[in-house]
Amino acid sequence: MKQKLSMIVVLLILMAIKAQSQGLSVLKKMNEKRVEKRDNRWAEEKIFKQTLIGFAYQTTQNTNFSANQYPGVLLSARGTSIRETPKRFYHFDNVISAGILSLPESIAQTYTVNTRFSHSILRKINPTFAVGSQVSAVFNGRLNLNNENNAFLMEAVLDLGPRIKFQKEINLLQKAYGIEYGLAVPLIGFGFTAPSFNTSFDESNTKGIFLPNKYQRIQSELMLKFPAGKRFPNKNFKMGYHWDFMHLDLGNNRSLNNAVHTLSFIGSIKKIK
Amino acid sequence: MKNLYKYLVICVLSLVSFACEQAFMSPTPKTDPEAVFNQVWNFANEKYTFFDYKKVDWDAAKTKYKARITANMDEEALFKVCNDMLYELKDEHVNLVSKFNISRNPEVFLDYPTNYDGDILTRYYFNGRQQYLDGGNFRLFDFDDVLYVNYRSFSDAVTKESMDYICKKATNKKGIVLDLRQNGGGSVANIYNIAQRFTDKKIYAGLSYAKIGPGREDLKKDSLFISPFKADTATQKFTQKPIVVLTNRGCYSATNFFAMMAKEIPNVTVVGGKTGGGGGVPATTELSNGWTLRVSTTRSFDINGNNIEGGVEPDIRIDISAADKSKNKDTILDYALKLIRTKPMAAN
C-alpha cells in the first residue's frame with residue numbers, strides 16, 4: 001500500500017514536471033511571438049527629429065490693458081519629434097519665440113516670450129490623412145516696465161482638442177517633395193491670465209476651466225518638404241508656415257487675443273530610424 | 001481630378017484658418033483727438049475708484065471738457081484738455097504720460113508742512129557720513145545706540161540681503177528709526193519685504209477693495225495681512241525692540257500703505273506728519289496715440305474703517321516748526337531718538 005502510494009506520488013510529480021515544461025515552452029513561444037511582433041513593429045516604424053528656426057509675426061491685444069493691437073517680430077525656434085507607425089503618428093512639439101511688441105507711437109516697448117509644448121496622437125485613416133487628439137500647454141508673457149503695477153501680463157493655458165493631419169508625397173522632376181497640413185482646434189482649456197480686469201492684484205485674475213464659449217484656439221500649419229541631396233541621405237529640409245491664434249473672453253466685454261504667424265525657413269530633419 | 005480636389009480643399013482650409021484672427025479681435029481704436037479723449041474718459045470711468053469719495057461728477061466733466069475738443073487741435077492742446085479733466089480727480093495717482101509732458105495734481109502736498117530737510121540731516125546729524133546700502137536704496141547712520149535707516153523709494157527693490165544686513169546691524173541697538181519722509185511710493189511688494197521683518201505673528205492690517213468690473217461698485221474685498229518672515233537666524237528679524245517710522249505729507253502710495261500697516265505692528269510707532277495718501281493702487285493703459293494713462297483702481301481702509309486715500313494719521317503727530325528749522329533741528333528725528341532711548345518698548 002505504501003509502495004503504491006509512493007508510486008502515485010512519483011507519477012504525479014513526473015506529470016507535473018512535464019506539464020510545467022510544456023507550459024514553459026508555451027510561455028516561451030508566446031514571448032518569442034511578442035518579441036517578434038515588437039521587432040516587426042519597430043522595423044515598420046519611423047522616427048524623425050527636426051529642428052526649425054525662423055521668424056514670427058505676432059499681434060497681441062488684451063483689452064483689459066488697452067484696445068491697441070500690438071504687433072512685433074519675434075525669433076522662433078522649434079523642436080519636433082515624430083514617430084510614425086503603420087497605424088499612428090505620435091507628435092511632440094516644442095516652440096519658443098521671443099521678441100519685442102510695440103506701436104510706432106508707443107513710449108516704451110514690450111518684451112514678449114511665448115512657449116508652447118504639444119503632444120498629439122493621430123490615427124491614420126488612409127495613407128494621406130490622420131485624425132486624433134492633441135494636448136497643448138501654452139505660456140505667453142509680456143513685460144513693459146513702463147506700465148508699473150501691470151508691467152507683466154501673461155497667460156498660461158493647458159488645452160485639449162482634436163487634430164487632423166494631411167500629408168502627401170509629390171514627385172516632381174523625379175524628385176520627392178512633400179506637403180503637410182495640420183489643424184488643431186482645442187475644445188477645452190484650463191489655465192489663468194494675469195492680470196485681469198483690475199491689473200493690480202493677482203486675486204482678480206481670470207482663471208479656471210475655459211469652455212469653447214469663452215476660449216477659442218486654432219493652430220494650423222502648412223509644411224513643404226524638399227528633397228535631400230545625395231550627400232545627406234538622412235536629412236532633408238522643410239519650410240513651414242505656422243499660425244497659432246488664441247482668443248479668451250475675460251468677461252466685462254474684454255478679451256485677450258494672441259496671434260502668432262511663424263515662418264520657419266531653415267531646418268534640419270534627422271531620421272533616427 | 002480627385003487629387004486636385006484634395007489640394008483645393010487644403011488651400012481653402014489654409015486660407016480660412018490662417019486669416020481669420022481679425023474677426024475675433026476688437027477693431028484698432030482711432031487716433032483722432034475725440035477718440036483719444038474718449039479713451040481717457042472711458043478708462044477713468046470704468047476703473048477709477050474714488051469718484052464718490054472725491055465728490056466728482058465724471059459725466060459732467062465729460063460734457064465740460066469735450067466741448068473743447070476740435071478735430072484739428074494739435075497734440076499739446078489735446079493733452080491740456082485731458083490734463084484739465086483729470087486734474088478734477090485731485091489724485092497724484094492719476095497721470096497722463098506723453099513724450100512731452102506728464103499730467104499730475106500735486107495739490108495734496110501743498111497745504112502741509114514739509115517736515116523734512118535732507119540737507120539739515122546730512123550737515124548737522126550725519127556730518128556727511130551716511131552708509132549707502134544696496135546702491136543707495138537704504139541710507140544708514142549709526143547713532144551708536146540707535147540705527148537710523150532712510151529708505152528713499154519703494155520703487156527700489158528691497159532685497160533679502162539688505163534686510164538681513166539691517167536687522168543684524170541693529171541687533172545690539174536699542175531700536176531702529178525708519179525714515180520714510182518724502183518717500184513717494186513704488187512697488188507694493190516692498191511693503192511686505194520690510195514689514196515682515198518686524199513681526200513674529202501674522203497681523204491683520206487693513207482692507208482693500210479692487211475693481212473687478214466697469215460698474216462703480218464692482219469691487220472685490222480683500223483683507224491685508226503682514227505675515228512674519230521665515231528666519232533662519234534670530235538676527236534676520238527685529239521684533240523685540242522699538243521701531244519708529246517717520247512720516248510726512250510726502251509719503252505717498254506704497255509708503256502710505258506701509259504707514260497704515262506698520263501702525264498695526266506692536267513694536268512700531270509712526271511719528272511725524274500725516275501721510276500724503278494715494279490709497280488706490282494704480283493701473284495703467286496705453287491709448288491709441290501711444291500716451292499712457294494710469295488711475296487709482298482700488299480703495300483701501302485701515303482696521304478702523306478709515307479710507308487712506310486722504311492719508312494716514314501718525315501715532316504721534318509732530319511738525320518741524322520754522323523756529324526749529326532755523327536752528328537746523330529735525331524735531332521729528334529728535335523725538336524718535338528720544339522715544340527709543342526712553343521707552344525700550346514703544347507703546348502702540
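Trainee: Which strand is B:Glu286 found in?
Mentor: B:Glu286 sits in strand E10 of chain B, residues 282-286. Keep in mind that this is a predicted model.

Trainee: Is B:Glu286 buried or exposed?
Mentor: Buried, and yet B:Glu286 has no salt bridge. The nearest side chain of opposite charge is B:Lys99, 9.3 Å away. A salt bridge needs the nitrogen and oxygen within 4 Å.

Trainee: OK, what does the side chain of B:Glu286 make a polar contact with?
Mentor: With the side chain of A:Tyr70, at 3.3 Å.

Trainee: And what else is B:Glu286 in contact with, neighbours within four places in sequence aside?
Mentor: From chain A, there are A:Phe65, A:Ser66, A:Asn68, A:Tyr70, A:Leu103 and A:Ser106. From chain B, there are B:Trp291 and B:Thr292.

Trainee: Let's look at both chains, then. How many residues are in contact between chain A and chain B?
Mentor: 47 residues of chain A are in contact with 45 residues of chain B. Together the two chains bury about 3900 Å², with 55% of that on carbon and sulfur atoms.

Trainee: How many salt bridges are there between chain A and chain B?
Mentor: One. B:Glu46 and A:Arg254 meet there through their side chains, 2.2 Å from N to O.

Trainee: Which strand of chain A gives the most to the side that touches chain B?
Mentor: That's E10(A), with five residues.

Trainee: Switching topic: where does A:Phe55 lie?
Mentor: In strand E1 of chain A. A:Phe55 has a relative accessible area of 42%, so it counts as partly exposed. Leaving out neighbours within four places in sequence, its contacts include A:Val73, A:Leu75, A:His261 and A:Phe265.

Trainee: And how far is A:Phe55 from A:Asn40?
Mentor: They are 15 residues apart in sequence and 41 Å apart in space, C-alpha to C-alpha.

Trainee: Last one, back to chain B. Which way do the residues of strand E12 point?
Mentor: B:Thr298 and B:Ser300 point one way, while B:Arg299 and B:Phe301 point the other, and all are buried. In a regular strand, side chains alternate between the two faces of the sheet.

Trainee: What joins E12(B) to strand E6 of chain B?
Mentor: Four bridges, with the two strands running antiparallel. In one of the pairings, B:Ala210 has B:Thr298 as its bridge partner.

How values were computed: Residues numbered from 1 in each chain as written. Chains lettered and ligands numbered in written order. Predicted model: local features only at pLDDT ≥ 70, side-chain atom pairs only at ≥ 80, totals over all residues. Heavy atoms only, no water. Buried < 20%, exposed > 50% of the residue type's maximum accessible area, 1.4 Å probe, protein only. Pairing = 2+ DSSP bridges. Lys, Arg positive; Asp, Glu negative; His and termini not counted. Polar contact = N/O pair within 3.5 Å; in protein donor to acceptor, adjacent residues only side chain to side chain. Contact = heavy atoms within 4.5 Å. Buried area = accessible area lost by both parts, 1.4 Å probe.
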